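Me: I would like to go through this model and ask, for each label, what value stands behind it. Please set each value against its definition before you conclude.

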Amino acid sequence: MVFLGRLERIKGVHTAIEVALQTNSELIIAGNISNLLEEKEYFEKEIAPKIDGNQIKYIGAVND
């Protein structure tokens, strides 16, 4: 699976992670981390701990 978008709560990357974990699927996350304080905290507390580099991977921001 692939998630592409800003890593903000409203975009639902946490939901994509849960689906990947529950279905034992690989998930590649691509996108930028918001500069807003609450969104940085969301990434650091809820997303980053679940990135294991194996099943859940974060490749950073991408462009065209």
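Me: What makes the link between the side chains of Ser34 and Glu8 a polar contact?

Reply: This is a predicted model, in which local features need pLDDT of at least 70 and side-chain atom pairs count only at pLDDT 80 or more, whereas totals for chains, interfaces and linings use all residues. Residues are numbered from 1 along each chain as its sequence is written, and side-chain values use heavy atoms, with hydrogens and water left out. A polar contact is a pair of N or O atoms within 3.5 Å, where within protein one atom must be able to donate a hydrogen and the other to accept it, and residues adjacent in sequence count only if both atoms are side-chain atoms. The side chains of Ser34 and Glu8 are joined at 3.2 Å, so the pair is called a polar contact under the 3.5 Å limit. The side chain of Ser34 also reaches the backbone nitrogen of Leu36, at 3.1 Å.

Me: Why is Ser34 called buried?

Reply: Buried means under 20% relative accessible area, exposed over 50%, and partly exposed in between (1.4 Å probe, protein chains only). Ser34 has 6% relative accessibility, and therefore counts as buried. Its place is in the loop between strand 2 and helix 2, where helices (H or I, at least four residues) and strands (E, at least two) are DSSP runs numbered from the N terminus.

Me: Is Gln55 buried or exposed, and what value decides that?

Reply: Gln55 has 18% relative accessibility, so this residue counts as buried. Gln55 sits in the loop between helix 2 (37–47) and strand 3 (56–60), and its side chain reaches the backbone oxygen of Ala20 at 3.0 Å, while the backbone oxygen of Ser25 lies 3.0 Å from a polar atom of that side chain. Leaving out residues up to four places away in sequence, Gln55 touches Ala20, Leu21, Asn24, Ser25, Glu26 and Leu27, contact being defined as heavy atoms within 4.5 Å.

Me: How do you know which strands are at the edges of the sheet?

Reply: Two strands pair if DSSP finds at least two bridges between them. Strand 1 and strand 2 pair in the parallel sense over 3 bridges, so that pairing meets the requirement of at least two. The open sheet has 3 strands in the order 1-2-3, with parallel pairing, and strand 1 (2–4) and strand 3 are its edge strands, as each pairs on one side only. Helix 1 packs on the sheet, touching strand 1, strand 2 and strand 3, and its direction makes about 165° with that of strand 2; here axes are lines fitted to C-alpha atoms, for helices over the stretch in contact, and angles run from 0 to 180 degrees between N-to-C directions.

Me: Why is the aromatic pair of Phe43 and Tyr58 called tilted?

Reply: Rings of Phe, Tyr and Trp (its six-membered ring) pair if their centres lie within 6.5 Å, and planes under 30 degrees apart count as stacked, over 60 as edge-to-face and the rest as tilted. Phe43 and Tyr58 lie 5.6 Å centre to centre with 55° between the planes, so the pair is tilted. Phe43 lies in helix 2 and Tyr58 in strand 3, so the pair ties together parts that are 15 residues apart in sequence. Phe43, at 11% relative accessibility, counts as buried, whereas Tyr58, with a relative accessible area of 27%, is partly exposed.
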